[in-house]
Amino acid sequence: MTAPSLRPMFPHCVDSTMLASFRSCPQKFFRQYVQHWKPQAESVHLIAGGAFASGVEAARRAFYEHNASPQDAEAEGLKALITHYGDFDPPPASPKSLERMCGALEFYFASYPLGEDGMTPISFPNGRQGIELSFAEPLPFPHPVTEDPILFTGRSDMVAHFAGGTYIVDEKTTSSLGASWARQWEMRAQFTGYGWACQQIGVQTEGTIVRGVSILKTKYDTMQVVTNRAQFEIDRWLDQTVRDLQRMQRMWEEGYWDYALDHACAEYGGCSLTQICKSPDPDSWLPMYFAKRVWDPLARRELTVQEWEASWGHDTSSETQGA
């Protein structure tokens with residue numbers, strides 16, 4: 001068992017991406033979210049997806065919060081998308097260029113016109129709209145050092161009234177749509193967790209509406225899928241999340257994080273850590289391909305590891321050197 005003084009900081013908050021990473025491969029989770037190694041090269045999928053989400057958010061806020069016309073709201077969305085995309089230079093073969101992403105946003109609002117798509121964001125008593133709804137809800141699991149509850153954090157694109165119910169709304173950019181794309185959301189823990197988080201703030205949702213937008217070199221397409229969650233599924237998600245955190249804590253205390261060594265290594269075109277796991281001395285290779293940085297889900301900005309740990313009152317005088 002690793003001595004407490006040599007352990008890296010145990011996460012104070014988790015989100016759906018972190019939990020999915022741990023369930024897929026604890027070693028990957030350890031490298032990415034405990035040691036905070038991230039690929040040095042920026043991902044076109046993250047940049048383009050983030051730009052698209054910023055555009056949708058800005059357009060919705062302009063329309064629903066500032067009473068802009070649909071045309072003016074879409075113009076605000078395009079401005080936000082362009083600002084977020086910045087001067088990023090995508091790979092030549094990628095269809096997710098700035099021009100194509102602007103076209104995708106225009107296509108999206110042509111397919112789902114503001115004010116005419118049957119959705120209205122929920123309103124809270126303080127006047128806040130359910131657009132880009134952020135949450136940080138305490139889980140029934142104490143941090144092993146501070147004993148404060150671990151927070152489950154997330155950010156829903158929208159929570160809206162639709163067809164007589166209340167739904168979480170999530171946009172996904174992708175390269176292809178079809179039956180397999182539609183089926184993948186039925187058991188997706190992200191949306192079950194969002195349903196639980198909504199309940200914690202007093203909002204009961206029936207499920208999630210997933211809107212996919214495929215972006216290819218020559219065309220766009222879209223598909224809308226509704227996936228519902230019963231209360232037993234939300235309760236089961238919470239029980240399983242606590243069990244996962246218990247297993248996470250055991251590995252943290254032991255100082256050894258399990259390897260998947262199976263299909264997870266080839267998911268989504270291959271794990272970025274494959275070359276590290278293939279090395280007998282991974283720690284010497286990590287700085288060559290990765291850099292340490294942390295995304296703060298509460299402040300929504302990137303921090304250094306030292307800033308992140310200091311923000312939680314963690315002693316950064318020593319760090320673990322390996323798995």
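Predicted model: local features only at pLDDT ≥ 70, side-chain atom pairs only at ≥ 80, totals over all residues.

Trainee: Okay. How many salt bridges does the structure hold?

Mentor: There are 11 salt bridges in the structure.

Trainee: Is Glu57 buried or exposed?

Mentor: Glu57 counts as buried, because its relative accessibility is 18% and the cut-off for buried is under 20%.

Trainee: What else does Arg155 form a salt bridge with?

Mentor: Glu132, with the closest N and O atoms 2.7 Å apart. This one also links distant parts of the chain: Arg155 sits in strand β5 and Glu132 in strand β4 (residues 131-142), 23 residues apart. Glu132 is buried too, at 10% relative accessibility.

Trainee: Which residues are linked in that network of salt bridges?

Mentor: Glu57, Arg61, Glu65, Glu132 and Arg155 are the linked residues.

Trainee: And what does Lys79 pair with?

Mentor: Lys79 forms a salt bridge with Glu76, and their closest N and O atoms are 3.4 Å apart.

Trainee: Why are those two separated by about one helical turn?

Mentor: Because they are 3 residues apart in helix α4 (residues 70-85). As for the surface, Glu76 is partly exposed, with 36% relative accessibility.

Trainee: Switching topic. Which residues have a positive phi without being glycine?

Mentor: His36 is one of them, with a phi of about 70°. Glu147 is another, with phi near 70°.

Trainee: Where do they lie?

Mentor: His36 is in the loop between α2 (26-34) and β2 (37-39). Glu147 is in the loop between β4 and β5.

Trainee: Buried or exposed, for each?

Mentor: His36 is buried, at a relative accessible area of 5%, whereas Glu147 is exposed, at 64%.

Trainee: Let's go to Asp117. Where does it lie?

Mentor: Asp117 lies in the loop between α5 (98-111) and β3 (120-121). Its relative accessible area is 16%, so Asp117 is buried.

Trainee: What is it in contact with, leaving aside its neighbours within four places in sequence?

Mentor: Tyr64, Tyr112, Phe162 and Arg211 are the residues in contact with Asp117. Take Phe162: it is 45 residues from Asp117 in sequence, and the two are 9.0 Å apart in space, C-alpha to C-alpha.

Trainee: And what joins the side chains of Asp117 and Arg211?

Mentor: A polar contact of 3.1 Å joins them.

Trainee: Last topic, the aromatics. How many aromatic pairs does the count come to?

Mentor: The count comes to 23 aromatic pairs. One of them is Trp181 with Trp185: the ring centres are 5.3 Å apart and the planes sit at 75°, so the pair is edge-to-face.

Trainee: Are those two tryptophans buried or exposed?

Mentor: Trp181 is buried, with a relative accessible area of 7%, and Trp185 is buried as well, at 3%. Another pair is Trp196 with Trp237, a tilted one at 5.5 Å centre to centre with 40° between the planes.

Trainee: What forms the aromatic cluster?

Mentor: Phe135, Phe152, Trp181, Trp185, Phe191, Tyr194, Trp196 and Trp237 form one cluster. So the tryptophans of both pairs we talked about, Trp181 with Trp185 and Trp196 with Trp237, belong to that cluster.

Conventions. Residues numbered from 1 in each chain as written. Heavy atoms only, no water. Salt bridge = Lys/Arg side-chain N within 4 Å of Asp/Glu carboxyl O. Buried < 20%, exposed > 50% of the residue type's maximum accessible area, 1.4 Å probe, protein only. Helix = DSSP H or I, 4+ residues; strand = E, 2+ residues; numbered from the N terminus. Contact = heavy atoms within 4.5 Å. Polar contact = N/O pair within 3.5 Å; in protein donor to acceptor, adjacent residues only side chain to side chain. Phe/Tyr/Trp six-rings, centres within 6.5 Å; stacked < 30°, edge-to-face > 60°.
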